[in-house]
Amino acid sequence: MAISTKLMMRQGQALVMTPQLLQAIKLLQFSNLELAAFLHDELERNPLLEAQEGDGGVDTADHSSQGAESGGAEAYEGPQEGDWAQQDLAVDSATLSADLGADMSNAFEAEGPSIGERARDEAPDGAGLSATSWTGAAGGGSADGEAPNLEAYIADRQNLHEHLAEQLALACPDPRHRIIGQAIIDAIDDSGYLREDLGEIAARLEADRAEAERVLATIQTFDPSGVGARDLAECLAIQLKERDRYDPAMQAFVANLPLVARRDFAQLAKLCGVDDEDVADMAAELRRLEPKPGRAFGGAPIQPLVADVIVRAAADGAWHVELNADALPRVLVNHSYAAQVSAVATGPADKSFISSCLQNANWLTKSLEQRARTILRVASEIVRLQDAFLTHGVEHLRPLNLRTVADAIGMHESTVSRVTSNKYMMTPRGVFELKYFFSASIATTSGAAAHSAEAVRFRIKQMIDRETPDGILSDDAIVERLKASDIEIARRTVAKYRDSLRIPSSVDRRRAKLAQARMTTN
């Protein structure tokens, strides 16, 4: 067979992902915060895009006019004629004596500038009070018409690392120790624990391990108590030492925290050499300690959860589904500005840039509109399928998968998966992520409709919450009760659901119940 090169024509079909299509897919799976950050960058990049003011904004003019008509408080118009803010106060004794009917000869100096003149002369530039210092152009704010920045008057909240660094500067006069201490403080997390190996910190600074241990011991005396510990036992030990309660019995108690977690007080009493009452007292004292010393200083800022969809009960018994107007992005294309700029653009590069910006702006607004419609369609179908959950509670949550919703609304499963990622629905029963309504199905013993895994997990929690010290349910007993309720489930599945709910085993629950009953009796 001869090997040679040839020219051949072949016809085929392929799906090409254009940049616009990729952008639309990316927008679909964005959360509210991610979408806001993306739109902020687009507004900075594209001059033809502009942010639309929200409908919930306060119209100062309308509110002030309504207040005037209804007899409410009117806007302050600034100092009027005869106002004290525009006049100097007369302070000569003759005038005050005549006005007040008193002898004021010894009250003030006979001659001298007025109070207003002295204030203007002595005050630095820009520090004097004027009529516009009290009211701005809109009846409030600064003299230039801008509203005052209230955040400028809020004290900056100190974080844990800054708090420890200030104490380090006072506790360690040696510059070498301050450098080691600052490296240790940088390795402390928001909970107050030293997560990095101390030997690695010492090796990185070419310091001795013993020297680093001494600096760490100094840091562990800082406020908050327990900071700089490498594990929970050390954190509790530091706090107990400061309270002068770290005796040999308590030392053995802290050294066996796994037994404390299992509430195995009988074994703890043997190891500590004390009776059951002392073990109960030590456990109570341990609960009064702080397991996360850095929690008082806070960690990363908590982002508020904003629902994308709001579900309300309608008058006819149905459910009204609507998009949250506060979560919808408001971006408009400024066509008038685009026309003005296009009229003065002369070079091909300028025209190409304007055309590209206009095309991207139009596509972005269409993608945002398509995103909103898709979210509403998916949410409406979820509400239709989970009507029993909204009416009766989690026990009536139906098993649901992506394919069911995708087939109902005529979309692909991947599209439904992107829509339900990081999207939240506000219902009369609380705020839930859209993915919460999708759960696996648990078969029934009678062959009837399957149960939702979330509903079965809720039933298991209810059974365990109703336990008594003499009636602790094992996993096998829970399986039998669920089978009696027409739920076919395996024991390992019950154990998995119990672990996901952070519920201990039946042995640990029985020990905890007995210990609690013993403490209540004492």
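Analyst: A helix crossing is left-handed if the near helix is turned anticlockwise from the far one by less than a right angle, and right-handed if clockwise. In this predicted model, helix H15 and helix H16 cross in the left-handed way.

User: What should I know about the predicted model and its numbering?

Analyst: Residues are numbered from 1 along each chain as its sequence is written, and side-chain values use heavy atoms, with hydrogens and water left out. This is a predicted model, where local features need pLDDT of at least 70, side-chain atom pairs count only at pLDDT 80 or more, and totals for chains, interfaces and linings use all residues.

User: What is the mean pLDDT of the chain?

Analyst: pLDDT is the predictor's confidence in each residue, from 0 to 100. Here the chain averages 80. A value of 70 or more is reached by 78% of the residues.

User: Which elements have the lowest and the highest mean pLDDT?

Analyst: Elements are DSSP runs numbered from the N terminus: helices (H or I, at least four residues) and strands (E, at least two). Helix H3, residues 60-69, has the lowest mean, 32. Strand E5, residues 424-427, has the highest, 94.

User: Where does the pLDDT stay under 50?

Analyst: Residues 122-143 form one such stretch. The model gives this stretch 16 contacts beyond four places in sequence. A contact means heavy atoms within 4.5 Å. Residues 55-91 are also below 50, with 24 contacts beyond near neighbours in sequence. Where pLDDT is low, the predicted coordinates should not be read in detail.

User: At what angle do H15 and H16 pack?

Analyst: Axes are lines fitted to C-alpha atoms, for helices over the stretch in contact, and angles run from 0 to 180 degrees between N-to-C directions. H15, residues 335-344, packs against H16 at about 165 degrees. Their axes lie 11 Å apart. Under 35 degrees is roughly parallel, over 145 roughly antiparallel, 65 to 115 roughly perpendicular, and the rest oblique. H15 and H16 are therefore roughly antiparallel.

User: Which residues of H15 and H16 meet?

Analyst: H15 brings His335, Ala338, Val341 and Ser342. H16 brings Ile354, Leu358 and Asn362. By class, this contact of H15 with H16 has 4 nonpolar, 3 polar and no charged residues. Ala, Val, Leu, Ile, Met, Phe, Trp, Tyr, Cys and Pro count as nonpolar, Asp, Glu, Lys and Arg as charged, and the others, Gly among them, as polar.

User: How do the axes of H2 and H16 cross?

Analyst: H2 covers residues 32-45, and H16 covers 348-385. Their axes come within 13 Å and cross at roughly 165 degrees. So H2 and H16 are roughly antiparallel. The crossing is left-handed. Leu35, Phe38, Leu39 and Glu42 of H2 make the contact with Leu364, Leu368 and Arg371 of H16. The class count for H2 with H16 is 5 nonpolar, no polar and 2 charged residues.

User: What is the order of the strands in the open sheet?

Analyst: Two strands pair if DSSP finds at least two bridges between them. Here 4 strands form an open sheet, in the order E3-E2-E5-E6, with mixed pairing. E3 (319-323) and E6 (430-433) are the edge strands, each pairing on one side only. From one strand to the next, the twist averages 20 degrees. H16 packs on this sheet and touches E2, E3 and E5. The directions of H16 and E3 make about 160 degrees.

User: How many bridges join E2 to E3?

Analyst: There are 5, and E2 and E3 run antiparallel. Ile310 stands opposite Glu322 in E3. E2 and E3 form a hairpin with 5 residues between them. Gly317, in the turn, has a positive phi of about 90 degrees.

User: Are E2 and E5 parallel or antiparallel?

Analyst: E2, residues 309-313, runs parallel to E5, and 2 bridges join them. Val309 stands opposite Met425 in E5. Ile310 has Met426 as its bridge partner in E5.

User: Which residues does a cis peptide bond join?

Analyst: Asp223 and Pro224, with omega about 5 degrees. Pro224 sits in the loop between H9 (209-219) and H10 (232-242). Arg263 is another loop residue, between H12 (257-261) and H13 (265-272). Its phi is near 55 degrees, positive in a residue other than glycine.

User: Which residues are in contact with Thr415, leaving aside neighbours within four places in sequence?

Analyst: Leu28 and Thr374. Thr415 lies in H19, residues 413-420. Thr415 and Thr374 are 41 residues apart along the chain, with C-alpha atoms separated by 8.8 Å.
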